[in-house]
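Me: I would like to learn how to read a protein model. Can we take a few features in turn?

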Amino acid sequence: MTTTQVTPSKIMDTGLGFWASKTLLAAVELDLFTFLTNGPRKAAEIKMELGLHERALYDFLDTLTALGFLIKEGKKDAAKYSNTGEVDTFLVKGRPTYVGGMLQMANHRLYRYWGGLEKALKTGRPQNEARFGGTPLFDAIYANQAALEEFLTAMAGIQQCNFRAIAEKFDFTPYTSFCDMGGADGSLAIVIARKNPHLSCISFDLPAVEPIAAKNIREAGLARRIMTQDGDFFKDDFPHTDIIMMSNILHDWAEEEKITLMKKAWAALPEDGVFIAIENVIDNDRKENTFGLMMSLNMLIETNGGFEYTAEDFEKWAALAGFSRVELIPLTGPASAIVAYK
Ligand SMILES: C[S@@+](CC[C@H](N)C(=O)[O-])C[C@H]1O[C@@H](n2cnc3c(N)ncnc32)[C@H](O)[C@@H]1O
């Protein structure tokens, strides 16, 4: 007879998961990995460079080693620490693959705001900057230039892999024009335009964001092929292009608003046009996409009515908006593109 040993390990790992989370967030905040990209360093050098106290110096570095973010050769004073390959690719500032922007935003904002989860679960109300004044997410972030730039860098960093994946996996050749609604710093339009020289593109976002996108597009040498347009996608008409994309947009809004945006996209598209949403689409049984489900909780913390959704939810809204069929294209990790054909 086999007996299954039941242990509380998973419960404790998850319950105290913020220890690991905050250790990594602190390393990113202190920019440890950028310092280590030039080669292995001793703890004493790290202490000096990052301005750390000696008390927990080795605990901090050895915890990062045990968590799999640093490699350690040698012991104590003689030990030298270096980045793992993963960290060196994704957490060294200045690399195009940097995803630390999202982690810095998590450290500055989400870490605190998730402390209000029980309250959010009881009230259904966001727990971020909007909590006291009732200011919607984007107004609150955009009132502060540093927060705006941090938010845009965070979004672009985590989405790069998905932007490259959709450029690879979706066939853009039958279409001539493309608009990214809520295009933020222009990153998606830049990736799609580079891969598809035949396409003319628009990156559409709120007026505070447009100059940042325009600058990035100029710097990418694509100003002749990507236009920026400022506006409010609820108040203004959508540009008329063959493809309308919305990446991490629908999840910010309540069901009625999601349907409104999809109806506006349908109305702006030509007969054979397509609407593509990129999102952490939850599996239809709502059992597996843990990241998508937690992102939905994050939308509770961050927005008035936003939530993540399943392909079945999207299909229902697409039919209401008038689209004829829907296709799901897995991208990277928990993210997918969900395509609605007019
Ligand atoms: C969660 S971010 C997603 C950014 C980007 N598409 C991505 O995938 O990373 C939402 C974007 O929608 C924009 N946005 C929010 N409300 C908007 C509105 N009413 N009209 C136009 N853009 C809006 C924000 O400025 C922001 O860039």
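This is a predicted model: local features need pLDDT of at least 70, side-chain atom pairs count only at pLDDT 80 or more; totals for chains, interfaces and linings use all residues.

Me: How many residues of strand β7 are buried?

Reply: First, the terms. A residue is buried if 20 or more other C-beta atoms lie within 10 Å of its own, exposed if 12 or fewer, and partly exposed in between, with C-beta atoms placed from the backbone. Helices (H or I, at least four residues) and strands (E, at least two) are DSSP runs, numbered from the N terminus. Now β7, residues 243–247: five of the five residues are buried, so the strand is largely enclosed by the rest of the structure.

Me: Which way do the residues of β7 point?

Reply: In a regular strand, side chains alternate between the two faces of the sheet. Here I243, M245 and S247 point one way from β7, and I244 and M246 the other way.

Me: Which strands pair with β7?

Reply: Two strands pair if DSSP finds at least two bridges between them. Strand β4 (residues 177–181) pairs with β7 in the parallel sense, over four bridges. C179 stands opposite I244. Strand β8 (residues 274–279) also runs parallel to β7, joined by five bridges. There, M246 stands opposite A277.

Me: Where is the kink in helix α11 centred?

Reply: A bend at a residue is the angle between axes fitted to the seven residues ending there and the seven starting there. In α11 the kink is about 50 degrees and is centred on Q159. Q159 is also among the buried residues of α11, as are M155 and F163.

Me: Which residues are closest to the ligand?

Reply: A residue is near a molecule if its C-beta atom, placed from the backbone, lies within 6 Å of it. The ligand is surrounded by 16 residues, and the closest are M155, G182, A184, F233 and S247. S247 belongs to the buried set of β7, and M155 to that of α11.

Me: Why does K215 count as partly exposed?

Reply: Count its neighbours. K215, in helix α13 (residues 210–219), is partly exposed because 14 C-beta neighbours lie inside 10 Å. K342, in the segment after β10 (336–341), is partly exposed too, with 19 other C-beta atoms within 10 Å.

Notes. Residues are numbered from 1 along each chain as its sequence is written.
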